Amino acid sequence: MRIVCPFCGERELGEFTYLGDAKPVRPAAGASEDEVFDYVYLRDNIAGAMSEYWYHGGGCRAWLKITRNTLTHEISSVEPAAGVGARQVAR
Amino acid sequence: MITSQPNRLASGGLIDRSAPLNFRFDGKTFAGFQGDTLASALIANGVKLVGRSFKYHRPRGILTAGSEEPNALVELRTGARREPNTKATTAELYDGLEAASQNRWPSLRHDLMAVNQLFASIFVAGFYYKTFMWPAKFWEAVYEPAIRRAAGLGRAAGAADPDHYDKAWAHCDVLIAGSGPAGLAAALAAGRSGARVILCEEDFLLGGRLLADGGTIDGMPAAEWVSRTLAELATLPDVRIMNRTTLFGVYDGGTYGAIERVNDHLPSPPEHQVRQRLWRIVAKRCVVAAGAIERPIVFAGNDTPGVMMASAMRTYVARYSATPAKRIALFTNNEDGWRTVEAALGAGLQIAAVVDARPDVSAAHRALAAKAGFAVLNGFVSGVDGGKDGVKKISISLAGGARAEVETDGLAVSGGWNPAVGLTSYHRGRPKWQDDISAFVPDGAPPGMEAAGAANGAFGLGACLRQGFAAGAAAAQSAGRDGNAGAPPVADDEAFSLTPLWHVAGKGKAFVDYQHDVTAADIELAQREGFESVEHLKRYTTLGMATDQGKTSNVAGLAIMAAVSGKSIPETGTTIYRPPYVPVAIGAFAGQHRDENFHATRLTPSHHWAAEQGAVFVDTGLWKRAQWYPRAGEKDWLETVIREVKAVRGGVGFCDVSTLGKIDVHGPDAGAFLDRVYINTFSNLAVGKARYGLMLREDGMVYDDGTTSRLAEDHYFLTTTTAKAGPVMQHLEFCRQVLFPELNVQLTSVSDQWAQFSIAGPKTRDLLREIVDPAEDLSNEAFPFMGARKVSLRGGIGARLFRISFSGEMAFEISVPARYGDALVRNLMLAGKQFGVTPYGTEALGVMRIEKGHVAGPELNGTTTAADLGLGKMMSTRKDFIGRVMAGREALAARDRQVVVGIKATDSARRLRSGAHVIPKGEIPGPANDQGYITSVCFSPTLDQWIGLALVERGRDRIGEIVHAHDPLRGEDYDVELCNPVFYDPDGGRQRG
């Protein structure tokens, strides 16, 4: 598999590490235990296009949000994951 | 020298008669020529019997002339280089080659295991499941050993492979599989268009079927066209031809796997050269011109030595000048089979008869038969007389119902051609049925891949050239290369006519899968027993599951299944195709990553010095760490470790701790960021101070710990455990980038930039004053416990000094740029001589941390919470942090959790072992009474007995209780007392002194 890193260009799979579903958003500080439980544990098991976190540890160390078809491994988009999992957290 | 090759023609062929070679097969010496394969040389020497079959030990000969060979498998080479299941049909002959037949005892000609044939009725499909079900315990004791002795293929070498293997990457615009007419035409078109081309050919010669079948291209003989084409390709700037290279797999994103047999054609690789090279090729486009595989017809006795694919027979005659038989019979259902007759007659061989399943043989063929004096019979071969010495006679069922017999010593069989659909089907593409050739052709090929020529079901020479050229030009264009491809090569198309024929009913075993001994009757049985789906058929009968992956058998097998189940062949369908297309040695996948190079080795800055001291090293992940430093006269490691611990506690010692992960955290929000990733607070840490920190995972379990220091208002220096250095960096980057983008903070991994040493013991300050610039004040007032700041060393080198202690002693950790690590350690030894400085290893480090009750890897095991470790009070209630909410879950805060507690044996002479389970005194050991286990143990020189840490249910409420340690693994049972985990200096006076 090849991933086109927005910062480094097309690179080989071995440079990247997979984390998982990029859909869950970290709940705010005051969230209930149930909300956080969902964030930590509940994942969809998608047969088709799925947004995922990948880490370019062998390159620029950017976290990327990648849309990958889990049936064909076709990658339809790669973008920086900056702020993707963020919700306003109490400071 | 042995020169007699009775079945070698006097002239012709692509062998080099000026380069004779000797080789041995089953201990007997034979001669051959450069350019032979082992199979062609055996044929030239009249050897027909080359192996015994997998299950029934039936005598087998050579069936094909290529990598689809199911029968002629040998053990090639000897000793550590012995390679089982090597196809004689692809093994290039070299001088001194040694090969042995497989799966026979005591000899190939007299194989006692052939008795299996007498029990054939129990060896039918599914026999494992049916025969060996009961009694269950007989499986391991009786059945499996017996089956393993009786059935099987070659023997592995049983010794380490002495050769080297390599892995390499290549990139191109157009990748081409195969160098037959379609492949060469594709390379011409793509190369002329300006594309970067790689062409892989598994054979050592280029040309594919042209090598044996010839023909006329652009008005010249095929051989001349091939050499002109290769000459032109050589002039193109970016066309790379790789022979002896098989494209075996297709992976995502245009990545392909190929195996290059760099030196398999030599007795052993020349010095400093590899045996094989595994290529990963990244290509924008791929043209599959891998040709087609001729398919057998299934009839009784079709596995007799001397029965051979028609195309293979003419390959041996035309390419190798080796004659498999003197009086050849042909059984065909198609026009192409007749080319073998023409080739045999051209070489001066006799034709015994042609049995053609088609009623309408052409007038030209009939005229040829009349001229050469052989009969053309319309019908089917229904039986073969013969055995280990080869075919003697064939029985024929004539179309009218009558029977005939023909004497022959070699039967050529052609059931038509199956396009090689492997590569095009590896992304779960299902090939589609094409009626006019009665074969599956590629469909649903992976993105960027196109099949051309015979691999695409176009069998005529002209069509192969046209399709190959067009595919090459189109591939170049879509890769952005639009140069002038010029004119395509031109040739005529042969007539193609075929009457589908898969199976001739008859008495005796009719083999579908030669390598796994699957017969037509097995397939019929599978259907009767309900294993009708092709995937079930495959697994129940093992059809197509041998090392040849059913290249000659799969389509015939499912055609027979279609017939008995009353379905069409396309309705029956194919199984899923999976790589590799040919077997690939595990050694090639490993490449250079074996033995000491299995993974990278990381050396600490003091490694070379430590090695000079005779340190014993331990592998810690990729690191080699000094475990202890033995001295002459010490009888074992324990004596050494005890000395090291006492030297630290009584004087001063040092230990390389550079393996800890180190991260610089910069930015105005650095403190706020650390507050969110640690359970405790760092934003309020004073500049010049260090603090112990604990991180959780988002699920509330402890992730990692370490000391973090504030070196400036906007600069923290964070350390991680050795094991989690990489993962914590990744985790923190995730937090920074994905979760908290609003924070202005940057992370830099500096693990390799700093050499770090722990200097510990009451004389630490004395030693440091010899190293550090005298202007630096190291007094307790100026540099108190948990102080951290930059200092200058004598000579002006900048260093970082941290007053932190893992050992419980008065201690500092000192960091210098990694390049000074070696100099620092040598200076510590010099300067410390007067104080009796003692280097200590990880073992003494571990002893002192257990004595001090510090948790480490065995306690930070992914199932413990901060409270379990006795660190629950560190969890801030005034801020959000990773893992906060989940750590508050009822079960994670429950009173009866297993928590860290100290243990010591009631018998002070008793050695403790980690892993022993903790059982309440008087209870029966077992899961119901299991209250935890011992995590870490050591012999404490300070307490003069073994001590340890354990995770025990409500452990800290039970201090003083005697419990039972149960160690069924080592057969040990003893009593231990639960105690305060801080065995040494519980009020911490020493480290603050």
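**Chain B and its side of the interface**

Modeller: Chain B has 993 residues, of which 58% count as buried (under 20% relative accessible area, with exposed meaning over 50% and partly exposed in between, for a 1.4 Å probe and protein chains only). This is a predicted model, in which local features need pLDDT of at least 70 and side-chain atom pairs count only at pLDDT 80 or more, while totals for chains, interfaces and linings use all residues. Residues are numbered from 1 along each chain as its sequence is written, chains are lettered from A and ligands numbered from 1 in the order in which they are written, and side-chain values use heavy atoms, with hydrogens and water left out.

The secondary structure of chain B comprises 24 helices and 49 strands (DSSP runs numbered from the N terminus, H or I over at least four residues for helices and E over at least two for strands), and its C-alpha atoms fill a box of roughly 115 × 70 × 60 Å along the principal axes.

Turning to the interface, 34 residues of chain B are in contact with 31 residues of chain A, contact being heavy atoms within 4.5 Å. The area buried between chain B and chain A is about 2,600 Å², 56% of it given by carbon and sulfur atoms; buried area is the accessible area (1.4 Å probe) that two parts lose on being put together, summed over both. On the side of chain B, Asp252(B), Gln730(B) and Val738(B) lose the most area to chain A, together 21% of what that side buries.

The rule finds three salt bridges across this interface, where a side-chain nitrogen of Lys or Arg must lie within 4 Å of a carboxyl oxygen of Asp or Glu. Arg26(A) forms a salt bridge with Glu698(B), and the closest N and O atoms of that pair are 2.6 Å apart. Several elements of chain B each supply at least two residues of the side that touches chain A, among them β8 (165-177), β15 (276-288) and α19 (725-739). The largest share, seven residues, comes from α19(B). By class, this side of chain B has 15 nonpolar, nine polar and ten charged residues, with Ala, Val, Leu, Ile, Met, Phe, Trp, Tyr, Cys and Pro counted as nonpolar, Asp, Glu, Lys and Arg as charged, and the others, Gly among them, as polar.
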